[in-house]
Amino acid sequence: MATGKKLVIVESPTKMKSIQGYLGDEYEVLSSVGHIRDLASKKDIPAEKKQAYGKYSIDIDNDFDPYYVISDRKTKTVAELKRALKEADEVLLATDEDREGEAIAWHLLEVLKPKVPVKRMVFHEITKEAIRAAVEKTRDLDLALVDAQETRRVLDRLYGWDVSPVLWRKVGSGREGAALSAGRVQSAATRMVVDRERERMAFVSADYWDVEALATKQGSSFTTRLARLDGAPLARGADFDDNGQLKKAVVVLDEAAARALADAVDAAAEASVTALEAKPGTRSPKPPFTTSTLQQEAGRKLSMSAKHAMSVAQRLYEKGYITYMRTDSTALSAQAVTAARTQAVELYGDKAVPLNPRTYRNNSKNAQEAHEAIRPSGEFFRRPTEVTGQLDRDEERMYDLIWKRTIASQMSDAKYETTTVTLAVDAGGKTAEFTASGTVYTFKGFLEAYEEGRDEKRSDADRSDDQSLPALAVGDVLALAEIEPKGHSTSPKPRYTEASLVKALEEKGIGRPSTFASIIDVILDRGYVVKRGQALVPTWLSFSVVRLLEQHFADLVDYDFTAALEDDLDAIARGEQQRTAWLKEFYFGSDAHVGLRNIVENLGEIDARELNATRITDTVTLRFGKYGPYLEVVDPANPDAEPRRVNIPEDLAPDELTPAKAQELIDAPVAGNRVLGENPANGKLIVVKDGRFGPYIEETEPEAPVAVDPETGEVIESAPAAKETAPAKGKKAKDAAPKNRTASLFRSMSVDTIDLETALRLLELPRVVGEDPATGEQITAQNGRFGPYLKKGTDSRSLESEAQIFDITLEQALELYAQPKYGARRASSALKEFDADPTSGKPIRLRDGRFGPYVTDGETNATIPRGEQVDDVTFERAVQLLADKRAKGPAPKRTTTRRSTTARKTTAKK
């Protein structure tokens, strides 16, 4: 029976608590915790629907009708929402106002089937005023946005499930056996990173020299650089193309010429001022943050990954400190403009703001994020000093960044004057002209509050540091000292960082800012890209994947085609295109587009060996195999012989594998195949080797004479022996000769330093620690995929270090087994300890587990998200992680099949 309450459904548990407080007892606010249903997996499709929906969970012959199921994790959530619905007389769907939020609201409507009035409630910030205003100003569900989100979901399923299997068959698996995947946006993003590395690999560096000198007038000194020689400009890095060739006529000094010129300038010891040029300039502030620019600046200034930045921004939004963080808009509301201008005047004076408020043009055609820019919430912005102690460290840093950017966006232009001086020197009959520049800000304007970061550029080497120049006049004579010739080499374009990749994706129109963080996360997780510092370095795996896609799915990784898909999805969101017709053209093809199905069905033969090969020289080829990349070296004197294989260091980037480096790896002495000695127990040789899986120990039979270098201990390869007689037909080869014992080295061990005693101990693993006196079961210590551990029957316990495998005693092992397997066990080993969780009442600990760091209260475990640092996790963040994990419920059981809901029928837009 209805109680007269209004049911408000939001996405997040954190948001739920805040909004409940603002609306009061007349409302019941509950959370869906994100999506409550999604496309079914194959096992969840009933037998009678397998024919239509079995391949994709989409009936491609019936207007691409999707088959949805309720997530196993959400059954309790749905039950709770249905319970609350029985007592409500109105439903307010208050999910986020973007495509994803609109789709979540539609799914809620389809599953709950309310018989009471339903309204769509939207807001851009979580403040009392905003929430109250949203309740008063509701709207209908925007089915065009729902169509756009569903089209995107169907498109990604078709793309991924048709193309990814080709990668599995022809390339293999990724990092640590992870399945490879292709995707509409991730594949284009991977290609961008690979293309940048290809440019770096093809780049030819050029050398050039110049001369620097310290000029002094009346005790004031400044640095000058040689700019012209007899009126001709001196070469700079920008004057060379990527092939190391000059693009225009300039003077190129080599080292000898530069040193001779420096000596001549030194002999002259003075220069005269021949020209002074002063130019005024202005700099305008950048617009307030969009999703994309926030991710870029968080990367540059806070060293946050895109995913981490969005996670922190999400928490700030849900706590009510900033406006909605997924937006393409640079606009500010009238109240926000007033708040920003007021604070700027309070902090920096009346001249800090221009006469009229600043407005920024929004270049996005997309209607889905028609919000404000990201800014501090409320009519009056809280200063960063006012939120100290209310937020964790990352939240404080992020709020400070957003606050400064918002204030600066409404402030006055900065004004400056740049002075350039030219000095002439008679250097051995040649006129050498040196120049220097200095900039002075006459009015700092917005720079008082904020200055945008910048990405690395290839021309940075030619940039002069900003400096102050003394008062000068034409004709002044200045003393020159510290004359020094400087050598330079041109550099290729810098690798992408997360910030610069986000910027490039946005510029090309690939993906949407709200998806950039997940795109980067996917290409990192798949092993297509690794991080070296802030730089994104493609792996050889990604070269194979991109090569396959370029050769056989060219349209799908074409930048313009991918951007056009985004434009089409935007058109569907605006109601300008029809979902079904667009999907039919994409999948089945048209006169303008061949169609995904036709591409997949007509792939032809794909030579996997050539696909996974990159030629380095005529005799050296980089190949990507089942266990990673290696060099295949052909002997030119005997090309029909079995090629030699040479492992590649894991940290060697593709652009660093030059022909010279390849030869260095080929010529390097083999670290493995080093004889450590004999096993005194059986007389067999103990050899350390470096194999595909990494370094290992092998115990070999000493029958064949083995020559050993007395200085290095390395095996000297002898001529190949005659082939042994093949085993009789039908007899297994392994019966002909017993397999040698092997053991992998620990991570803490090195091929170069391991000794015989340690090797023998490795071969004896697993080590028997002793027997449990209570059960008589044997306890062993060993190393596994996830690290060192103890085993007793089917019960295991993790060890702290590899060394414990050899050292742990039976008493210590029994003590470990006496403690609970999870929760309170090894409390002293926690990386951090916090106060009691407010929900469970139990202390929270931060631990390092098999799958990475996590927080636990002994009842609930929550993984620390990728990109967040352990040192930055606070008590408040730990509580939030545990609360979010509880709200999601337990992980689904893989064997459980949930009932399906009815597929959506096309509904006219209201």
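Predicted model: local features only at pLDDT ≥ 70, side-chain atom pairs only at ≥ 80, totals over all residues.

Reader: In what sense do S28 and S29 pair, and over how many bridges?

Author: Strand S28 covers residues 767-771 and strand S29 covers residues 778-784; the two pair in the antiparallel sense, over four bridges.

Reader: How many residues lie between S28 and S29 in the hairpin, and which residue in the turn has a positive phi?

Author: Six residues lie between S28 and S29 in this hairpin, and Gly 776 in the turn has a positive phi of about 80°.

Reader: With which strand does S29 pair over six bridges?

Author: The partner is strand S30, residues 787-792, and the pairing is again antiparallel. Within S30, Lys 791 is the bridge partner of Thr 780. Here the hairpin that joins S29 to S30 passes through two residues.

Reader: How many bridges join S9 to S15?

Author: Strand S9 (residues 207-217) and strand S15 (residues 477-489) run antiparallel and are joined by nine bridges. Tyr 208, for instance, stands opposite His 488 in S15. Strand S15 also pairs with strand S12 (residues 270-283), in the antiparallel sense and over three bridges. In that pairing, Ser 272 has Val 477 of S15 as its bridge partner.

Reader: Are Glu 566 and Arg 152 buried or exposed?

Author: A residue counts as buried when its relative accessible area is under 20%. Glu 566 has a value of 0% and is therefore buried; Arg 152, at 12%, is buried as well.

Reader: Which residue forms a salt bridge with Glu 395?

Author: That residue is Lys 319, and the closest N and O atoms of the two are 3.0 Å apart. Glu 395 lies in helix H13 (residues 393-409), while Lys 319 lies in the loop between helix H10 (306-318) and helix H11 (334-348), so the pair ties together parts that are 76 residues apart in sequence. Glu 395 is buried, with a relative accessible area of 1%, whereas Lys 319 is partly exposed at 27%.

Reader: What are the relative accessible areas of Lys 486 and Glu 484?

Author: Lys 486 is partly exposed at 27%, and Glu 484 is partly exposed at 40%. Their side chains meet in a salt bridge of 3.9 Å, taken from N to O.

Reader: Which residues are linked in a network of salt bridges?

Author: Such a network links Glu 28, Glu 80, Arg 83 and Glu 87.

Reader: Finally, how should I describe the protein chain as a whole?

Author: Its secondary structure comes to 26 helices and 35 strands. The protein chain has 910 residues, of which 48% count as buried. Among contacts with a separation of 6 or more, 68% are between residues 24 or more positions apart. The protein chain exposes about 45,000 Å², and carbon and sulfur atoms supply 49% of that area.

Methods
Residues numbered from 1 in each chain as written. Heavy atoms only, no water. Buried < 20%, exposed > 50% of the residue type's maximum accessible area, 1.4 Å probe, protein only. Contact = heavy atoms within 4.5 Å. Areas by Shrake-Rupley, 256 points an atom, 1.4 Å probe, with all protein chains shown as cover. Salt bridge = Lys/Arg side-chain N within 4 Å of Asp/Glu carboxyl O. Pairing = 2+ DSSP bridges.
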